[in-house]
Amino acid sequence: MMIYMGFIFILMFIIGNLIFVLKHKHLLIVLLSLEFIVLSIFFFLLIYLIYVEYDMYMLMIFLVFSVCEGVLGLSILISMIRTHGNDYFQSYNIL
């Protein structure tokens, strides 16, 4: 049972990375795929810590950092939409 759950979480991680790589021009989808990757890592850590009977305090720290990452991404998205009007990467000038 544990092997199947680990396989599912690894598959979730790979699918999140594929979405991140294939849809890299749209910032909102990139942020959603990053949150999906964080969610799969959280589930993997949860199952692993339950398996080794370790304290769950580390999961709270992980959730705090993942929430901070999500808020930072959304604030960047909002500032890009306010300044440029959309969230596509190809419309921005590097210079």
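Modeller: Let's start at S66, which is buried, with a relative accessible area of 10%. Buried here means under 20% relative accessible area, exposed over 50%, and partly exposed in between, with a 1.4 Å probe and protein chains only.

Biologist: Before we go on, what kind of model is this, and how are the residues numbered?

Modeller: This is a predicted model, where local features need pLDDT of at least 70 and side-chain atom pairs count only at pLDDT 80 or more, while totals for chains, interfaces and linings use all residues. Residues are numbered from 1 along each chain as its sequence is written, and side-chain values use heavy atoms, with hydrogens and water left out.

Biologist: OK. Which element does S66 lie in?

Modeller: Helix α3. Helices (H or I, at least four residues) and strands (E, at least two) are DSSP runs, numbered from the N terminus.

Biologist: And what is S66 in contact with, leaving aside neighbours within four places in sequence?

Modeller: E35 and V38. Contact means heavy atoms within 4.5 Å.

Biologist: Which other residues of α3 are buried?

Modeller: Along with S66, the buried residues of α3 are L59, G70, G73, L77 and M80. The buried residues of α3 pack against α2, residues 27-51.

Biologist: How far apart are E69 and L34?

Modeller: They're 35 residues apart in sequence, and 9.2 Å apart in space, C-alpha to C-alpha.

Biologist: Is E53 buried or exposed?

Modeller: Exposed, at 75% relative accessibility.

Biologist: Back to α2, then. Which residues are buried there?

Modeller: L27, V30, L31, S33, I37, V38, S40, F42, I47 and L49. S40 has a relative accessible area of 1%.

Biologist: What does S40 touch?

Modeller: Not counting residues up to four places away in sequence, S40 touches F9, M12 and F13. A polar atom of the S40 side chain also lies 2.7 Å from the backbone oxygen of I37.

Biologist: Switching to aromatics. How many aromatic pairs turn up in the whole structure?

Modeller: Two. One of them is F42 with F43, a tilted pair, 5.9 Å centre to centre with 50° between the planes. Rings of Phe, Tyr and Trp (its six-membered ring) pair if their centres lie within 6.5 Å; planes under 30 degrees apart count as stacked, over 60 as edge-to-face and the rest as tilted.

Biologist: Which residues are in the cluster?

Modeller: F9, F42 and F43 form one aromatic cluster. F42 is buried, with a relative accessible area of 16%, whereas F43 is partly exposed, at 30%.

Biologist: What does UniProt list for "transmembrane region"?

Modeller: The unreviewed UniProt entry lists residues 6-22, 29-51 and 57-81. Positions are in the numbering used here, feature names are shortened, and annotations may be inferred rather than shown by experiment.

Biologist: How much helix is in the spans 6-22 and 29-51?

Modeller: Residues 6-22 are 100% helix and 0% strand, with end C-alpha atoms 24 Å apart. Residues 29-51 are also 100% helix and 0% strand, with their ends 33 Å apart.

Biologist: Last one: what's the overall makeup?

Modeller: Three helices and zero strands, running α-α-α from the N terminus on. Buried residues make up 24% of the 95 residues.

How values were computed:
Polar contact = N/O pair within 3.5 Å; in protein donor to acceptor, adjacent residues only side chain to side chain.
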